[in-house]
Structures are given as structure tokens and as C-alpha cells.
Amino acid sequence: MNTPVPILMYHSVAHAPNDATRALSVAPQAFAEQMALIGDGGFTPLTTAQLADVWRSGQPLPERPVLITFDDGYEGVHRHALPVLAEHGFAATVFVSTGWLRGAHDTGGALDTMLDWDQVRELADGGVEIGGHSHTHPQLDQIPDDALRSELLRCKEIVAEELGTRPASFAYPYGYSSRRVRRAVREAGFAQSLAVGNALARRRQGPYALQRVTVRRSTGIDEFARLVEGRSIARTFARDRALTKGYAVVRRARQASRKAARTRV
């Protein structure tokens, strides 16, 4: 019940990513090696919804649980990641920003080539959980209540319309949330959501603040092994955590300033 779980956060899987996505883009060969390590290590990949359901029910976790998640909805997840996941029979979750995907709902702003809805449906048919990641990928804790609700509900409605089922899981764009954002996500009907944090997920974090660890293009296979085994997490991400804490102070100040400005109007 109290077993910590590594939730891996991927973005793009691509041979030649553009500059905007390169740091968080994993090479296809590296991804294949990482999935082979998971398979050889006897890990059990779960979807986000499956992990949350286990923790809610109080049932025991499977042997060596791990989550494989992808943010945004890049086309390489279908082209390169899906065949590898299928080969191993691995569960995964893809969190899509619906306004970034190619098709009728595209609002522009995507950082690289994105999935189209036929590809999203193929992912879902292949057993991949499709979760929400907002509509246009804003910093949710920095936008007013009406815009926040619109981002969440529009995302949920489009996924339901395109796939015929409502998404149960959500991931915060950029990993940013607040008590107000988490409440809005719950009120929008999502049952659980993921942050970043670069720490192992634990049941006590609650269903709306589960933490993940970042897999980057620079993540070597030895470092990846440590991530899935839950070793040296704090040391690996020490710099990330320091930067996050500093930026959190700046973000809270900006949010307070915006709130004060709205009050004066």
C-alpha cells in the first residue's frame, strides 16, 4: 500500500526533434532500450487510472509497478513508441493537449508535429490510456477561473467526442498547479492528475498531486535504471528541485499581483 511508484514522464520520441522539443525528446533507439530494461527487470507497467484505482481500493500493487506517461501528444509517440509498447505488452498513458493535435480542433501553438485523431484512436485501441492535458497548454495556475474551467472542460469534451469515452486522468501543463487548479480539475470530472516534482509517486500525495520523474534526451541507460528502481532520485534531480523552488516564489508573486490588479478594477 505504501510502496513508492516511479511514474516516468516522456514527451517526444523522435530521431530529429526541433530545438523547442530537443531536451525533452528521447531518441527512438534509447526508448526501445529503456523499455527492454523495464521488461527484463520484471517491472509491471500500469496506466494512471489503474494505479489510482489500486490505491483507492486498497488492493496490493503488482510486482515492481511503474507508469510510462507521455505529455502533449507528439506524433512520434504513435510512430516510434507505440510499436515498442505493443511488442512488450506495456500499458501507458498519453496526456493530450487537444488544441495542439492536428485536426478540426487545432488552435496552433504546437511545438512540433503532433498526433492526429486517427493516431490517438489507434493508441487507445492499442490499450494506451488517453488523458487530458488542457486545451491550449497554458500555465493553469496563472489564468483566471473562467479560462481555467474552459481549458479543462474543452479538453475533456473533445476527447470524449473523438474517442467516445471521457478521460479519467489529467496532467498539469508544465507541471504547474495550485489548490485552486487541483480543485478545478476535480470539479471538471477528472479522477486523478499528475504533477512533475521529480520524485516517486506515493499514495499519501493524494490523487491530484502524484509526482513524476523526467526522462530527457540526456538520460543515459544507467540513470534510467536508477529512476525505475527509485534510486538516487533526490541527487539526480537536485538542480531541478532548486530551480523549481526558486521559480515557485516568483510565480506566487505574479499570481498575487494579478489577483490584486483584478480586485482594483
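**Close-up 1. The charged end of R64 sits over the ring of F43.** The distance from that charged end to the ring centre is 4.1 Å. A charge sits over a ring if NZ of Lys or CZ of Arg is within 6 Å of the ring centre and within 35 degrees of the ring normal. A quick note before you look further: this is a predicted model, where local features need pLDDT of at least 70, side-chain atom pairs count only at pLDDT 80 or more, and totals for chains, interfaces and linings use all residues. Residues are numbered from 1 along each chain as its sequence is written, and side-chain values use heavy atoms, with hydrogens and water left out.

**Close-up 2. Y10 and F31 form an edge-to-face pair.** Rings of Phe, Tyr and Trp (its six-membered ring) pair if their centres lie within 6.5 Å; planes under 30 degrees apart count as stacked, over 60 as edge-to-face and the rest as tilted. By this rule there are 6 aromatic pairs. Here the ring centres of Y10 and F31 are 5.2 Å apart and the planes stand at 75°, so the pair is edge-to-face. It links distant parts of the chain, with Y10 in strand β1 (residues 7-10) and F31 in helix α1 (residues 28-40), 21 residues apart. Helices (H or I, at least four residues) and strands (E, at least two) are DSSP runs, numbered from the N terminus. Both Y10 and F31 are buried; buried means under 20% relative accessible area, exposed over 50%, and partly exposed in between (1.4 Å probe, protein chains only). Ring pairs also bring in F70, making a cluster of Y10, F31 and F70.

**Close-up 3. Y174 and Y176 form a stacked aromatic pair.** Their centres are 5.8 Å apart, with 20° between the planes. Y174 is partly exposed, at a relative accessible area of 45%. Y176 is partly exposed too, at 21%.

**Close-up 4. Helix α5 (residues 145-163) packs with helix α6 (residues 179-187).** The angle is about 40° and the axes are 10 Å apart. Axes are lines fitted to C-alpha atoms, for helices over the stretch in contact, and angles run from 0 to 180 degrees between N-to-C directions. That makes α5 oblique to α6; angles under 35 degrees count as roughly parallel, over 145 as roughly antiparallel, 65 to 115 as roughly perpendicular and the rest as oblique. On the α5 side, D145, L148 and L152 make the contact, and on the α6 side R180, V181, A184 and V185 do (contact means heavy atoms within 4.5 Å).
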